[in-house]
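Dear colleague,

Please find the sequence and structure below. My notes on the cavities and on the confidence of the model follow.

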Amino acid sequence: MADSSSGSTSELIWSPPPNRDPPSRLTVFRKLIAEEHAVHLDSYADLWRWSCEHPAQFWEAVWNECGIIGQKADKWEAGVSKGDALYPAPMWFKGSRLNYAENLLRHCLPSSDADRDVPAVISTLEALPDSPHDFARTVFTRSELYDRVAHTSASLRHAGIRPGDVVAAYSSNDAHSLIAALATAAVGAVWCSVAAEAGPEAVLDRFETVRPRFIFSTGAVRYNGKRYGHLEKLGAVLKRLGELDGQGVLGVVVAPGPPGGPADEPTTSDELAAALSLSAGLAKCWSWGDFLSAHSTSSLSNGSGSTFASSYPPLNFERLDFNAPLTILFSSGTTGKPKAIVHRAGGLLIQLAKEHLLHSNLQPASPSGGGGDVFFQHTTLSWMMSPWGNASLISGATLVLYDGSPLRPSEGALFDLAAQEGITVFGTSAAWLAAVKRKDLRPKELHCDKLRIRQILSTGSPLGADVYPWIRDAIGTGSTEGEGSVLVGSITGGTDICSLFAGNNVDVPVYAGEIQAPNLGMHVAVLDAATGKERPYPPLAAAQDTKDEEEGELVCLTPFPCQPLGFWPLPSTPGADSQAQHAAEERYRASYYETFGPKAWAHGDWCAWTSNGGLVMKGRSDGTLNPGGVRIGTSEIYDVVIAAAATSSKGEKQKDELGLIIACLAVGLRVPDEGKPTMAGSGDEVVVLMLVLSQPAENWEALVAKVKQELRTRRSARHVPRFVCQVGDVPRTVNGKLAEVPAKKLLNGAPRAAVHASTLANAECLDEYSRLGQELRAELVKESKA
């Protein structure tokens, strides 16, 4: 159904309860701001506008509302005003000091009034084939989590780690990695991580830049029903890091892998060192248990190789400046060597506290397990969603971690996990949700009354409009409000800010295909790329001034605290090469502030407002199609093709229908100048659509004709591709995102070496794109001569 009151044709999926009792924290916050500042804030849109126009007052209010623990400066103020330049990145709350881990663990502190026997973290593993609904789980109560972080941070200090040192993980998304990250933050060191599935080359592309002093890892991983040893890959990374400067790392800690491995796998530090084939002096190796027990005088074993204190040990939180480095996140590297993006402790803390406590309205878990929130975000350690999801601890909600395939032992495995753990806020990728929908699964019916999900958060790529009603009906009760309704929160932000520009919001409706609204304090705007003119935000503009889905570049026009400090090495990094520092700073400036100048952040997203005040993502601006000078977002093509394939796959004659399509990729191929079938071209381009089929089509020409007809009918003639080609696979990053830019480079004649294959999950498919590009460019030259 459509919401006739707004004039929108989008389907209404979820509405905030009209008489919610108690009111959401976001509503209470809006009324508090209105009263304290004597302003009329009758809607969320009013509050958003006020937050952008008064950034200092807004972020000071967020500090107070979210109860940030820290030492305020004598002259306490945010210190940033509307109109200030975003580059160089402003310093916020100068003189204030805090510790990120202390804030995330506030419900676990001995001084906390919270019940410390409540589960803080539940670490789960992919289920084994012989017990498909039994996810191995380890539960850590609030007191146990505090104990382990205390011991790990003390051990790091004893091993020589100091504030500002880089500590890395090459490991699994489990409790060991979470504890190591929190302990690193407690010490004041800088954390970075790469998922265990990454190959040594991809890891070195990242670690060579940041040179970690300490590494946490794992002995093995379980994925897709199999167990894989990890020590050989870890050893290759350590060997290469040792060869760079002859020093290597100070130490390596290896957690036990999942059960089910060889009986003679390394269990002690000596056996571990031998298994890694470490040369003398390269690194000190510990098993997880040995690392902790080496620095503990009173410890107990939990039976899984870890040791911990019998009662609360002292946990010394190193409070550093609000703007001190906290973590380094690595970009996917599809446009060059991965960027090492440095995020500040205070900026990330206050931003993520706002998102989890206000926008998501997360509630602390209760001792009985009958109330509060259980939060889950499917991710790996390579993705920004790992620190983003871990930050939910600040709410006191129980955090569920998962390591393994989301499709094993069945496509709906994560919903089995949700039923087992009582997950209420469920985060995953748009690609996974679309895959589950294609299977026509009905999780609500399968698990009866065991599902407690109240929010589905989707990220990684735009969530197709057809998936929204499926979530409402197959996971919720089918109602747009009331008990059992599900808020569908498509979110957008990125590794660059480790947070959100727009996303889930408990106070505004959800419409199919739309991100609900821009987030507080994030002055999101849609700019005309040619003129730099801002598209009016519909809820705050006169009707005649707005045009639904008028596209442009997504920018942010007011400074925000989670702007990264820069790329590593920072100008302040001790001992760093001055040329490397200068190159990193220049790359940082060019990445976000070159397009529109220092007063606008732009990271390459192409989007549009809707009349509902929502945001529709159209694709990457550097991957956006531009045939005949008209820019087209690739998602406009994907939505049509995938929806048509899903509809057709339900028919009886699937083999000769659109239902054969299981993936697609659209890129722009530049029209070459006569006699120059290379990357140099006329400036115009044609659209190439690549299709992956589940089996060969009996009538390829008919299939292509149907695809083109669907695009012409449901979009426009300019959306119809010039070429439609069958390929074996489409390139994706390790996080599952379509890698449009590498494919576009190769189709347009870039050498294979220009694409950083280590950033892709399936780089082996790229050679096909180089060959295909040669054929298509030659065809365009032939056409131009005809």
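The largest cavity in this predicted model has a volume of about 270 Å³. Its lining is made up of 22 residues, and those nearest the centre are Ala 181, Trp 191, Thr 327, Pro 387 and Asn 390. Five elements each contribute two or more residues to this lining: helices H4 (100–104), H6 (175–187) and H12 (385–390), together with strands S7 (190–195) and S16 (325–330). Helix H6 provides the largest share, with 5 residues. Sorted by class, the lining of the largest cavity comprises 15 nonpolar, 6 polar and 1 charged residues.

In total, the structure contains 6 cavities of 30 Å³ or more. Among the residues that line the second largest cavity are Leu 98, Asn 99, Tyr 100, Ala 185, Glu 318, Pro 325 and Ala 345. The lining of the second largest cavity divides into 8 nonpolar, 2 polar and 1 charged residues.

As to confidence, the protein chain has a mean pLDDT of 88, and 91% of its residues reach 70 or more. Two stretches call for caution. Residues 1–7 have a pLDDT below 50, and this stretch makes 13 contacts in the model beyond near neighbours in sequence. Residues 675–682 also have a pLDDT below 50, with 18 contacts beyond near neighbours in sequence. Where pLDDT is low, predicted coordinates should not be read in detail.

With kind regards

Technical notes
Residues are numbered from 1 along each chain as its sequence is written. This is a predicted model: local features need pLDDT of at least 70, side-chain atom pairs count only at pLDDT 80 or more; totals for chains, interfaces and linings use all residues. Side-chain values use heavy atoms; hydrogens and water are left out. pLDDT is the predictor's confidence in each residue, from 0 to 100. Contact means heavy atoms within 4.5 Å. On a 1 Å grid over the protein atoms alone, a cavity is a set of points where a 1.4 Å probe fits but cannot get out, and a pocket is an open set with protein on both sides within 12 Å along at least five of seven lines; lining residues have an atom within 4 Å of a point. Grid points are joined across faces, edges and corners, and a volume is the space filled by probe spheres set on the points. Helices (H or I, at least four residues) and strands (E, at least two) are DSSP runs, numbered from the N terminus. Ala, Val, Leu, Ile, Met, Phe, Trp, Tyr, Cys and Pro count as nonpolar, Asp, Glu, Lys and Arg as charged, and the others, Gly among them, as polar.
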